[in-house]
Amino acid sequence: MKPACTSFIATSLDGYIARQDGGLDWLDAANQSVTAGEDCGYAAYMRTIDALVMGRSTFEKVASFPEWPYGDLPVYVLSRGWTALPAETPASVRLHNGSVDELLARAAQDGCRGLYIDGGKTVQAFIQARLLDEITVTTIPVLIGSGRRLFGELDADVAVEHIVTQAYPFGFVQSRYKLLYA
C-alpha cells in the first residue's frame with residue numbers, strides 16, 4: 001500500500017520557502033516571536049511520519065545545521081546527480097536516484113506508512129506526479145520579495161479541500177489542505 005505523502009512547510013506571505021541562495025534568515029527571525037514551548041503542531045505532525053523525503057538542495061541545507069534534526073528517522077534524499085552521499089551523512093539517510101513512484105515502492109517495502117515530503121522541488125515533483133495527499137502551509141507574516149517558491153507550474157489545476165486553519169497570536173497562519181486530483 002502507498003504510504004501517505006504529506007508536507008508541513010512554511011512560506012513567506014508572498015509564497016517563498018527560502019531566499020534564492022537558500023537562506024532562511026527571514027524564517028529564523030520570525031521564529032523569535034513564537035511563544036516559548038509552541039511548535040505550531042510540528043511534534044504532533046512528526047508522530048504521523050515514518051520517514052522524510054527531500055531533494056539534494058534541502059538535504060544540503062539541513063546537513064549544514066549545527067545538529068542533525070531528525071535523529072534516527074529514515075530520510076530519503078532524491079538526487080539524479082549524486083551517486084553517493086557525503087561521508088559525514090547520518091546512517092539513517094538513504095540516496096534515491098529513481099522516480100518518485102519507485103521511491104514510494106521502496107518506502108512501502110521498508111514499512112513506511114507516512115512520508116514527510118520536504119523542499120520546494122520535491123513537493124512540486126510529488127504534486128506533478130499526483131502523489132502528495134495533504135499539505136500544511138504555515139504562512140509567516142513577512143514579504144521577502146524573491147526567492148524559491150513553494151509551488152511551481154502545473155500541467156493541470158489541482159483542486160484542494162480546506163481541512164483547518166489556525167491563526168497564532170504571533171502572526172503565523174497555518175492551513176491544512178487535502179489535494180484532490182482529477
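A pocket, as the word is used in these legends, is an open set of points on a 1 Å grid over the protein atoms alone, where a 1.4 Å probe fits and protein lies on both sides within 12 Å along at least five of seven lines, and its lining residues have an atom within 4 Å of a point. The model is predicted, so local features need pLDDT of at least 70 and side-chain atom pairs count only at pLDDT 80 or more, whereas totals for chains, interfaces and linings use all residues. Residues are numbered from 1 along each chain as its sequence is written, and side-chain values use heavy atoms, with hydrogens and water left out.

**View 1. The largest pocket and its lining.** The volume of the largest pocket is about 1,500 Å³, a volume being the space filled by probe spheres set on the grid points, which are joined across faces, edges and corners. Of its 47 lining residues, Ile9, Leu24, Thr58, Asp118 and Gly119 are the closest to the centre. Among the elements that give two or more residues to this lining are strand 1 (4-12), helix 1 (25-31), helix 3, strand 6 and helix 5 (120-128); helices (H or I, at least four residues) and strands (E, at least two) are DSSP runs, numbered from the N terminus.

View 2. An open sheet with mixed pairing is formed by 8 strands in the order 5-4-3-6-1-7-10-9, where two strands pair if DSSP finds at least two bridges between them. Strand 5 (93-96) and strand 9 (159-167) each have a single partner strand and stand at the edges, so one side of each is left without a neighbour in the sheet. Strand 4 (residues 75-78) pairs with strand 5 in the parallel sense over 4 bridges, and valine 75 stands opposite valine 93 in strand 5. Helix 3 (residues 56-63) packs on the sheet and touches strand 3 (51-55), strand 4, strand 5 and strand 6 (114-118), its direction making about 110° with that of strand 3; contact means heavy atoms within 4.5 Å, and the angle, on a scale from 0 to 180 degrees, is taken between N-to-C directions of axes fitted to C-alpha atoms, for helices over the stretch in contact.

View 3. Strand 1 runs parallel to strand 6 and is joined to it by 3 bridges, with glycine 114 as the bridge partner of alanine 4. Strand 3 also runs parallel to strand 6, with 4 bridges between them, and here valine 53 has isoleucine 117 as its bridge partner.

View 4. A search of the whole structure finds 8 aromatic pairs, in which rings of Phe, Tyr and Trp (its six-membered ring) have centres within 6.5 Å, and planes under 30 degrees apart count as stacked, over 60 as edge-to-face and the rest as tilted. The rings of tryptophan 68 and tyrosine 70 form an edge-to-face pair, because their planes lie at 85°, with the centres 5.5 Å apart. Tryptophan 68 counts as buried at 19% relative accessibility, and tyrosine 70 is buried at 11%.

Methods. Buried means under 20% relative accessible area, exposed over 50%, partly exposed in between (1.4 Å probe, protein chains only).
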